[in-house]
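Below is a brief report on a predicted model. Please have the sequence and structure in view while reading.

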Amino acid sequence: WATDDVLFYTTLEGLRSSSVFRLHLASDGSSKITSVYEETHPDVFVEVALSRDRQILTINCNSRTSSEVMLIDVTKSYSEPLVIQPRQLDLLYHVEHWKGLLIILVNTGPAQEYQVMQAPVSEPSMASWVTLFAPSPDTAIKDMDVVGDYLLLVANTPAGKLTLNVMSLSNLKETHIIQLPSWACAIETKKPGLADQQGVLEFLLSSPVHPPVPYSLDPGKGLLLSDAGNQTYLENQDKYITTRLEACSQDGTLVPVTVFHAVPVEDLGQVPLLVHVYGAYGRDLNMEFCPVKRFLLEQGWALAYCHIRGGGERGLSWHRRGRVEGKPRGVEDLQACLHNLFSLGVSSPSRAALTACSAGAVPVAALCNRNPNKMRAVTLQAPFLDVLGTMEKPNLPLTLEDREEWGDPVGNLNHRHIIASYCPLHNITPQHYPSMLLTAYSGDPRVPLEGVLKYAKFIKKAIHAHFSMKPNAGCKSAPKIVLNVQPGVNHLGPEDFVQRLEEEAFRLSFLYTELGLDLPLPRRKRKR
């Protein structure tokens, strides 16, 4: 809402939002809808946002490799949008507002990482941008907010810890870093409503095994717990151990690994291990709280999160080094992470399982082709397994946009060779694969079901061929390949709560069975 009677909104067509409209509600009860902006590039996604101080509205046009932001003064909501900086290749920026100045998070820092700049609203183009803050090397800015007269930056340190950097916009020499709890892996900030305090940042901290804890930050006073009376709850957050490691990949790059466990590392040799990975689109591996992960930890599992290249954990360059020509590095990183964990005495291949969803299935399934003895079982949800076949079809919803991530096998022969070298579907070979649970959704618009079905067929055929050639191969039983196709169009799984529980229970049952573990006993209800 720009004002009480003017609403700006976008519409979703397929998987893209490309149009912005303005709705005016008149005092006589009538309404009028006007087109404000129409994006013509098929790889650009459009959204609208209101600055925290509610003074400007922005129209944000983003592709994988470019940004263009337009602004509208909310007091002049019928004016034409003003372009801040026209889009150009590899320029990414985001905008906030403070007292007539634009505060701009932009990737013009060293190594094309994010830094913070400012410019007057009256002269917003790049020629007027002045540097406010540049992070230290190896520190990645993850998010920016302006609260009152302070600039707040969420950053990842080289050690993989989250921090809050606070800078006074009135006095640039007034800066300090607020250390967050050592277990914190995810932060979710709250946008203020009209009744909220404008000078306070409210947010939630969590990890995969730590439920969200509400905090509020008054930049001038420091970090405060918004529910300060629950000391027992805070003590429970320290019940489990968070260990941050680094694995040396094939080219010498150090890859972060976050491990959650209930006993010291030296006592993890015989515990089951569930390894998580993603590594695509510059997105961090999901580290928000998940009750199932907490349950596994309570049952004696260890959980590992491998932050391989292609993701965004160590900044924009971490993503660039793991996309297109760099995609094979993600597979090498994952292999290095597993080797490091096993070398440190954390579990063993016979007690390890890998799990991933969507594009995270690529490094997992590629590693299964190269080194299937590194794990006992694999669970993949909405898995992207036919990279080459999908990227050859420009008529699919995301193919053109995703060429900036995976490459163009049709127009670039080098891209084709690289994709063919790691594509899970096209590198299946007769050998002893780990057991796999493939969960797919029949109407998934992002990952075509055809590729998952073809992968399941090919890998079953390869396993059969292997055991036909070597009928007494170590007296091992054949791995199970379970294809679970569910109805629905949601790429992230069923929306119905009961269906989600059933799917998760099926996944856990598969893991326990394939790792040879006794199923956990149901908890007894407490007597009142």
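The sections that follow cover a helix pair, a sheet and the cavities.

## Helix packing

Helix 4 spans residues 327–343, and helix 5 spans residues 361–370. Their axes lie 9 Å apart, at an angle of about 70°. An angle of 65 to 115 degrees counts as roughly perpendicular, so helix 4 and helix 5 are roughly perpendicular to each other.

Helix 4 makes the contact through Pro-328, Gly-330, Val-331, Glu-332, Leu-334, Gln-335 and Leu-338. Helix 5 contributes Pro-363, Val-364, Ala-366, Leu-367 and Arg-370. By class, the contact residues are eight nonpolar, two polar and two charged.

Four strands form an open sheet in the order 4-5-6-7, with antiparallel pairing. Strand 4 (45–50) and strand 7 (82–83) are the edges, each pairing on one side only. Strand 6 (residues 67–73) is joined to strand 7 by two bridges. Met-70 stands opposite Val-83 of strand 7.

## Cavities

The whole structure holds two cavities of 30 Å³ or more. Helix 4 and helix 5 each supply at least two lining residues. Helix 4 gives the largest share, three residues. Eight of the lining residues are nonpolar, three polar and two charged.

The second largest cavity has a volume of about 40 Å³. Asp-143, Met-144, Asp-145, Leu-152, Val-154, Thr-189 and Leu-201 line this cavity. Strand 12 (140–147) and strand 13 (150–156) each give two or more residues. Strand 12 gives the most, with three. This lining has four nonpolar, one polar and two charged residues.

Notes. Residues are numbered from 1 along each chain as its sequence is written. This is a predicted model: local features need pLDDT of at least 70, side-chain atom pairs count only at pLDDT 80 or more; totals for chains, interfaces and linings use all residues. Side-chain values use heavy atoms; hydrogens and water are left out. Axes are lines fitted to C-alpha atoms, for helices over the stretch in contact, and angles run from 0 to 180 degrees between N-to-C directions. Angles under 35 degrees count as roughly parallel, over 145 as roughly antiparallel, 65 to 115 as roughly perpendicular and the rest as oblique. Contact means heavy atoms within 4.5 Å. Ala, Val, Leu, Ile, Met, Phe, Trp, Tyr, Cys and Pro count as nonpolar, Asp, Glu, Lys and Arg as charged, and the others, Gly among them, as polar. Two strands pair if DSSP finds at least two bridges between them. On a 1 Å grid over the protein atoms alone, a cavity is a set of points where a 1.4 Å probe fits but cannot get out, and a pocket is an open set with protein on both sides within 12 Å along at least five of seven lines; lining residues have an atom within 4 Å of a point. Grid points are joined across faces, edges and corners, and a volume is the space filled by probe spheres set on the points.
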